[in-house]
Amino acid sequence: MRTVQLAPSILTADFSRLAEEVRAAEEGGADLLHLDVMDGRFVPNITFGHALVEALRKVTSLPFDIHLMVAEPERQVGFYTEAAKTVNVHVEATDHINRVLDSIRKGGAEAGVCLNPGTPLAAIEESLGEVDQVMVMTINPGWGGQKLIPAQLEKVSRLRTLLDEGGHAARIEVDGGVKVENAATCAAAGADVLVCGSSVYNDRSSVAENLASLRAALAKGS
Ligand code: DX5
Ligand code: ZN
């Protein structure tokens, strides 16, 4: 089975000591840091913008996986390409997805495209040659701590086949409701990267313990 990367999302971290929380993910062996930018338009919630992303760039060497839940991402991608490994934009948020993906790559970052649960794979089929990553949302975006929608894993499997048969190298990222109980199922469906928010940042165990539990579940395959 492929090596699966873990990308903790800071959405449920303690924002009053964010630098410490981010370092805990790095020390706990995270592969990436997932940063959820919400603008109050594409989703009702507002989180943070590029100023915070740039501040965090100074406290960790983890690669940044930036998830832009913003309307008209074409107006914003330029703020994030320098700090990011990957900038992910929603296909539902723009009329010109290929142009946005191209401008992310021209800015020097990898380009990712995201699909809401209600969006069919057909919406991105024409972009598969232009992306480094496809993010399948397994919740409706806007908040952390929601339950994974199992039917979306079937979409992940179909996407895996589409990418493999088409000879596309794009990674598949699964975002929303990933937990110890379902991490291996997500990997088996074809995920390369798992976003883990509340399963990493919670009151039950430390960030390092939670990351270790997720790795153990993946290694065990169940
Ligand atoms: C929600 C965000 C997710 C969220 C995941 O819109 O895109 O990245 O932080 O959190 P969990 O893992 O708790 O579902
Ligand atoms: Zn996200």
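## Zinc site

H34 is buried (under 20% relative accessible area, against over 50% for exposed and in between for partly exposed; 1.4 Å probe, protein chains only), with a relative accessible area of 0%. D36 is also buried, at 5% relative accessibility. This is a predicted model, where local features need pLDDT of at least 70, side-chain atom pairs count only at pLDDT 80 or more, and totals for chains, interfaces and linings use all residues.

H34 (NE2), D36 (OD), H67 (ND1) and D175 (OD) coordinate the zinc ion (ligand 2) at 2.1 to 2.3 Å. Donors are N, O and S atoms within 2.8 Å of the metal (3.2 Å for Na, K and Ca); water is not among the atoms, so sites may look incomplete. The donor residues follow the spacing H-x1-D-x30-H-x107-D.

## Geometry

The site of the zinc ion (ligand 2) is octahedral, with angles of 72 to 170° among six donor atoms. Ideal angles for six octahedral donors are 90 or 180 degrees.

## Two loop residues

R17 sits in the loop between β1 (5-8) and α1 (18-27). Helices (H or I, at least four residues) and strands (E, at least two) are DSSP runs, numbered from the N terminus. R17 is partly exposed, at 33%.

T81 lies in the loop between β3 (64-69) and β4 (86-90). T81 is buried, at 10% relative accessibility. Leaving out residues up to four places away in sequence, T81 touches V87, I104, G107 and A109 (heavy atoms within 4.5 Å).

## Numbering

Residues are numbered from 1 along each chain as its sequence is written, chains are lettered from A and ligands numbered from 1 in the order written, and side-chain values use heavy atoms, without hydrogens and water.

Methods:
Tetrahedral: all angles 85-135°; square planar, octahedral: opposite > 155°, others 65-115°.
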